[in-house]
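The exercises below are meant to be worked with the sequence and the 3D structure in view. Try each task before reading its solution.

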Amino acid sequence: MPKKWKLATLLALGLTLGAHAATLRWAAQNDILSMDPHSQNHTVTTSILMHAYEGLTRYGAKYELEPALATKWTFVTPTQVRFELRKGVKFHDGTPFTADDVVFSFNRIRQPQGTMQIYVTGIKEVRKLGTHEIEMLLEAPNPLLLKNIIDFRIVSKTWAEKNKSVSVQDYKSKEDNYASRNVMGTGPYKITSWQPDQRVSMQRNKDWWDQHRNNVTEVQYLPIKSDATRVAALLSGDVDLLTDLPTQDVARLKADPRLKLIEGPETRTVFLAMDLGSDELRGSNIKGKNPFKDKRVREALNLAIDREAIKRTTMRGLSIPAALLVPPGVNGNTPELDAPPKADLARAKALLAEAGYGSGFEIPLNCPNNRYVNDEEICLAIVSMWAKIGVHAKLAALPMSQHSLAFQRYETPLYMLGWGVPTFDAQFTLQAITHTRTSGPDGSFNYAKVSDAKLDQLIDAMKVEADTAKRNALIREALMRVRDEHLFIPLHHQIRPWAMRTTVDTVHRPDDRPEARFANVKP
């Protein structure tokens, strides 16, 4: 091949001379739930889909806010924002990206059957001003707008209409549509196939509008539920990157000269949610009333959990015991607020007796077994701890796809959830998880039927407060109310090490969303 042809070929691939095309094989324990970017607010799903679908803004390697599908934004007034859209961008099928796609995607993501409305919170309307210009009209000043819309992913209007996918997939009803099994974005990678519970395959988009600064041309994402199998795949060289490390293997992997570990706190809190709204709890032996409506019962369950024991034995030190629903590194978390109670069985028993449950009660407990670090093991430990105060929890541990269906259908009165904070601000958690549920962003992931008028008032105020000090005071008060009313049972914040072969270079992400555009694989 003539030299000039070689050079042209390399440039067409987006590679620099001397680089080589590489495949990144990435494994974790959990599969995606859907390929519809407006359906499920689930970190693994968004981690994969963000390779193909983009927002108007994005985070850089150091979490600096950057332009993406928008090149510029101007606040005409505090509630009127104009965005100039990037010209020359094409969807993966060659269709040009225009303002029509942004308007269409805004109307789509707000549909009530999805769980992604939180990312367009406070946006009243999106108007087309020109082929590559839109205007957002806000309900009130929105201090988090530009961070929120990072995960407002833009779908091709033409493609969705052609393939009868104008409506968001109704996941909880087990609906499948074309968009839940196929992808049409503008991003750096094209998702070429998904074999559920086996692999997601991606190929570099050579027509991406941005410059490829890495050498990863193919990504294979492998969901491997078994801890032992996942680790064996890394040690044998069948996997390059492992982001779900069994805690018992961390020291061994760290000592292996063929591997390297990068780690840091994850912006994720693992907690238990209780049905606070039903008059009777499904599956409980208590009939005609709901023990969780009594604050003393909720406090008793909280006090019976020995978080330090879970950290020491189950998590092997890779957790930070929690009192708050948001972790360190998120605006609103402070050490003095996030000091969990010490286990106190005597006090827990006394509270149950005061509430009229001195003999305890039975309750189902639903947990995933392939999503969070040691999720099923944590739940088994809690079952044992609660048994000491007479609360007998019957554990159902399911794959995340089934677990998520169960709580979204309100089929379990008590369940484990882990919640990440991609905006690094507590409003994201408070609004989605603790606000009274509406058909919009408020309470979009509140499947515990929490409804507290004072809390709603605080959240509504922080959404529009432009003064930083006043807004942080509102966040503080709201987090304390959730904590002191025991509306949820925070367990811990995860510490997340990633293991990889020494040939892999990538950037650790505290939101636990690896991005192939920041990865290189050496020969």
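**Exercise 1.** Is the crossing of H14 and H16 left-handed or right-handed?

*Solution.* Before starting, note that this is a predicted model, in which local features need pLDDT of at least 70 and side-chain atom pairs count only at pLDDT 80 or more, while totals for chains, interfaces and linings use all residues. Residues are numbered from 1 along each chain as its sequence is written, and side-chain values use heavy atoms, with hydrogens and water left out.

Step one is to find the elements, where helices (H or I, at least four residues) and strands (E, at least two) are DSSP runs numbered from the N terminus. The axes of H14 and helix H16 (residues 468-484) come within 10 Å and cross at roughly 45 degrees; such axes are lines fitted to C-alpha atoms, for helices over the stretch in contact, and the angles run from 0 to 180 degrees between N-to-C directions.

Step two is to classify the angle: H14 and H16 are therefore oblique to each other, given that angles under 35 degrees count as roughly parallel, over 145 as roughly antiparallel, 65 to 115 as roughly perpendicular and the rest as oblique.

Step three gives the hand: the crossing of H14 and H16 is left-handed, a term used if the near helix is turned anticlockwise from the far one by less than a right angle, with right-handed used if clockwise. On the H14 side the contact (heavy atoms within 4.5 Å) is made by Gln427, Leu430 and Thr434, and on the H16 side by Arg471, Ile475, Ala478, Leu479 and Val482.

**Exercise 2.** Describe how H14 meets H15.

*Solution.* First, the axes of helix H14 (residues 427-434) and helix H15 (residues 453-462) come within 10 Å and cross at roughly 135 degrees, which makes H14 oblique to H15. Next, the crossing of H14 and H15 is left-handed. Finally, Gln427, Leu430, Gln431 and Thr434 in H14 meet Leu455, Asp456, Ile459 and Met462 in H15.

**Exercise 3.** How many residues of helix H3 are buried, and what do the buried ones pack against?

*Solution.* Helix H3 (residues 99-109) is mostly covered, since nine of its 11 residues are buried, where buried means under 20% relative accessible area, exposed over 50% and partly exposed in between (1.4 Å probe, protein chains only). Among the buried residues are Phe104, Phe106 and Ile109. The buried residues of H3 pack against strands S5 (80-85), S6 (123-130) and S7 (133-138), and also against helices H5 (157-162) and H6 (178-181).

**Exercise 4.** Where is Arg258 found, and which residues is Arg258 in contact with?

*Solution.* Begin with the location: Arg258 is in the loop between helix H8 (250-255) and strand S12 (259-274). At 40% relative accessibility, Arg258 counts as partly exposed. Leaving aside its neighbours within four places in sequence, Arg258 is in contact with Leu235, Met500, Arg501 and Thr502. A polar atom of the Arg258 side chain lies 3.2 Å from the backbone oxygen of Leu235.

**Exercise 5.** Is Lys174 buried or exposed, and is His486 buried or exposed?

*Solution.* Lys174 lies in the loop between H5 and H6, and at 59% relative accessibility Lys174 counts as exposed. His486 lies in the loop between H16 and strand S17 (488-501), and His486 is buried, with a relative accessible area of 11%. As for the backbone, phi of Lys174 is near 60 degrees, a positive value in a residue other than glycine, and phi of His486 is near 55 degrees, again a positive value in a residue other than glycine.

How values were computed. A polar contact is a pair of N or O atoms within 3.5 Å; within protein, one must be able to donate a hydrogen and the other to accept it, and residues adjacent in sequence count only if both atoms are side-chain atoms.
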